[in-house]
Structures are given as C-alpha cells and as structure tokens.
Amino acid sequence: MSDVPARPRVFSGIQPTADSFHLGNYLGAVRHWVALQDTHDAFYCVVDLHAITAGHDPKVLRQRTRVAAAQLFAVGLDPERSTLFAQSQVPEHPQLAWVLGCITGFGEASRMTQFKDKSQKQGSDRSSVGLFTYPILQAADILLYQAHAVPVGEDQRQHLELSRDLAHRFNSQFGKTFVVPAPHIVKDTAKITDLQEPTAKMSKSSSSPTGIIDLLDDPARSAKKIRSAVTDTGREIVFDAETKPGVSNLLTIYSALTGRGIDDLVAAYAGRGYGDLKKDLGEVVREFVTPIQERTRSYLDDPAQLDKLLAAGAEKARAVASVTLHEAYERVGFLPPVRLG
C-alpha cells in the first residue's frame, strides 16, 4: 500500500462559506487542482460538513455549495478527469471520523491551532464540539480515498500531520489499512495578500471586504478595490515583499493572472506610477474573471444538471470510500452488515 502508482491519488477540499471564491483561493489552491488532473487521480470535495461548525443558514449553505461547485467546474475541473462531490453526499466521511476520533487523544485534538485561534475569538462556551473535532473529520476526508498527496498551505500543515499520525496509529494498532498521505507542496505558489493589509493573507475570515478580490464580483467593483489598495511610500514600482508589500502584492497578482514574470513587469513600469499599475491590473482582473463568471452562471442557471454532476461525483467517491470504510470497520472488529431475505 506504500507503493505509489503511476497516477498517484490526490485529495483536497474547499469550504462553501462565501458567495464567491477570492483570488487567494484560486491562485493559492484551486488553479493547482486543475493542473493536478493531468498527473494525478484527483478527488476534490466541497466540504459542506465542515461549513456548519460555527452556525449557518440552511438555505444559504445549499446555495453556496452549488456556487462553489459551479466555480470549480468553471475554472477547469473536468468531471471526466477528476472527481468532484459534496462531502455530505458521501456518508462514509462522518462514519470514519468517529472511528478516528476514538484513537485521537483529547490533548492532541486540543493542540490544533485553528481551534485554539477560533475558540479564543468567540469564547470556548460558544465554540462547538464540531469545531473541536474538525481536524479529525478532515483526516477522515483524506484517508478515505487512500490519498498519496494532499495540496496544503502552511495553515493546514498541522492538520495534515494529524492525518498522517492517525494513519500510522491505526495501521499499527489494527493492521495496515490506510495510505499515509504526504504534503503536496507546489513550488512558486502565488501568495496573495489583503489589499488593505498587504502583510496579511487575503482571507474571508479576517480580511475586510475592500481587501478581497472575489472571482464573481462586478469587475468594476474589483477595479475600484485595486485603485484603493494600500501601496507604499515613494512612487517606484519594484518588487520587495519586506519593504514594499503593497505594490509587491499587486505585481504578484498581475504576474499570476497573466503569466508575465515579475522582472518583466517591473521593467515595463519603470518610470511610471502606482496609478498606472493599478489601472492596468484592474483591466487584467476584468479580462480574467469575465469568462469564469459567464461559465459559473451557465452552471447555476441549470441547478438540476449541476446537482447531477455532483451526484455522479459522489457515486464515484463512494465507490472508493465505501471500500476503505468497510476495511476499517472490519479491522476494528465491527460486525459485517447482513442482508435479510
């Protein structure tokens, strides 16, 4: 089970907690998912179970799940080359999470930094058990698919380590069952920061609305946000993330969306001001998001067909997940299901 096949399996997920993905989501993660379809057996998931740990509106959750899936298809996920599904449509996820929770120490779970950060913000009495056990469900998400690789950013590395630890622990206690996943680190990943706080990551949970560029936003509104982006003292357009984080972030976005090198952009804007860069970047963003928005709308205009695509993905996912869960249940000593009649 440790042998990696010619097309190793990769798994990743994204939460449907907003009305649109932002550029940080796309450039930091989703565009790499698209590329991985060519080299990996790719499983991707809209993690709607994870989205209910801090309160939610059921109608909004259902709509955002569809919007997330529509955007993923719109940016290039191909149901013929990868598997995309909604987490809640594959019941093996919470079933395996219970088993893994029973071999996870309380202290081990309480050390997860995301729980500590979020519970400190909202108070431990208001933090749900679901938020506490979130990393265990995340481990189940990964281990169900015998994933060899998991694309992760620094903020998720600790959770992947828990997945690896639980795979090792289960395999040691009950026999070899799970592939131990490795982090898939993409070189040259564009690190996109907040337009208003350019030393902080662009994030729905911490950024102000003016600091985020949403893929589904009106391009004119995005251009206005870019014009208002915090830059730096002086007028020279150079890339220096330490001393000029604002303009460096704009250059990073420009480069990532067009494929032009940073050095090429710096040379092109020699002797020009921040206003020129911001104006041109607004146009670059418009040209980039417009076709994505059109394709997203086409999926959302036919929710029945979108739901069928997700159902087909869930069926493919269950074909793998059910085998893994059956083996795990057998190893821990559960009685096998018996069909009557």
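**Figure 1. Ser 222 in helix 8 of the predicted model.** Ser 222 belongs to helix 8, which covers residues 219-227 in this predicted model. The residue has a relative accessible area of 1% and is therefore classed as buried, since the limit for that class is under 20%. Beyond the neighbours within four places in sequence, Ser 222 is in contact with Ile 213, Asp 214, Asp 217 and Val 285.

Figure 2. Gly 234 is located in the loop that runs between helix 8 and helix 9, the latter formed by residues 245-258. Its relative accessibility of 52% places Gly 234 among the exposed residues, because that class begins over 50%. Gly 234 and Asp 57 are 177 residues apart along the chain, and their C-alpha atoms are separated by 46 Å.

**Figure 3. The crossing of helix 3 and helix 6.** Two packed helices are described by the angle between their axes and the distance between the axes. Here, helix 3 consists of residues 92-101 and helix 6 of residues 129-143; their axes come within 8 Å and cross at roughly 120 degrees. The crossing of helix 3 with helix 6 is right-handed. On the side of helix 3, the contact is made by His 93, Pro 94, Leu 96, Ala 97, Leu 100 and Gly 101. Helix 6 contributes Ile 136, Leu 137, Ala 139, Ala 140, Asp 141 and Leu 143.

Figure 4. The loop between helix 6 and strand 4 (149-151) holds Gln 146. Although Gln 146 is not a glycine, its phi is positive, at about 50 degrees. Gln 146 is also buried, with a relative accessible area of 12%.

**Figure 5. Arg 7 in the segment before strand 1.** Arg 7 is placed in the segment that precedes strand 1 (9-14). With a relative accessibility of 40%, Arg 7 counts as partly exposed. Apart from neighbours within four places in sequence, the residues in contact with Arg 7 are Gln 37, Asp 38, Thr 39, His 40 and Asp 41. Between the C-alpha atoms of Arg 7 and Glu 236 there is a separation of 46 Å, and the two residues are 229 residues apart along the chain.

**Figure 6. Ala 268 in helix 10.** Helix 10 is made up of residues 262-268 and includes Ala 268. This alanine has a relative accessibility of 32%, so Ala 268 is counted as partly exposed.

**Figure 7. The setting of the close-up views in the whole chain.** The protein chain contains 12 helices and five strands. Its C-alpha atoms fill a box of roughly 80 × 45 × 45 Å along the principal axes. A compact globule of 341 residues would have a radius of gyration near 20 Å, and the 22 Å of this chain agrees with that value. Buried residues account for 48% of the 341 residues. Of the contacts with a separation of 6 or more, 75% join residues 24 or more positions apart. The accessible surface of the chain is about 16,800 Å², and carbon and sulfur atoms hold 52% of this surface.

Notes:
Residues numbered from 1 in each chain as written. Predicted model: local features only at pLDDT ≥ 70, side-chain atom pairs only at ≥ 80, totals over all residues. Heavy atoms only, no water. Axes fitted to C-alpha atoms, helices over the stretch in contact; angles between N-to-C directions. Helix = DSSP H or I, 4+ residues; strand = E, 2+ residues; numbered from the N terminus. Left-handed = near helix turned anticlockwise from the far one by under 90°. Contact = heavy atoms within 4.5 Å. Rg over C-alpha atoms; globule rule 2.2 N^0.38 Å. Buried < 20%, exposed > 50% of the residue type's maximum accessible area, 1.4 Å probe, protein only. Areas by Shrake-Rupley, 256 points an atom, 1.4 Å probe, with all protein chains shown as cover.
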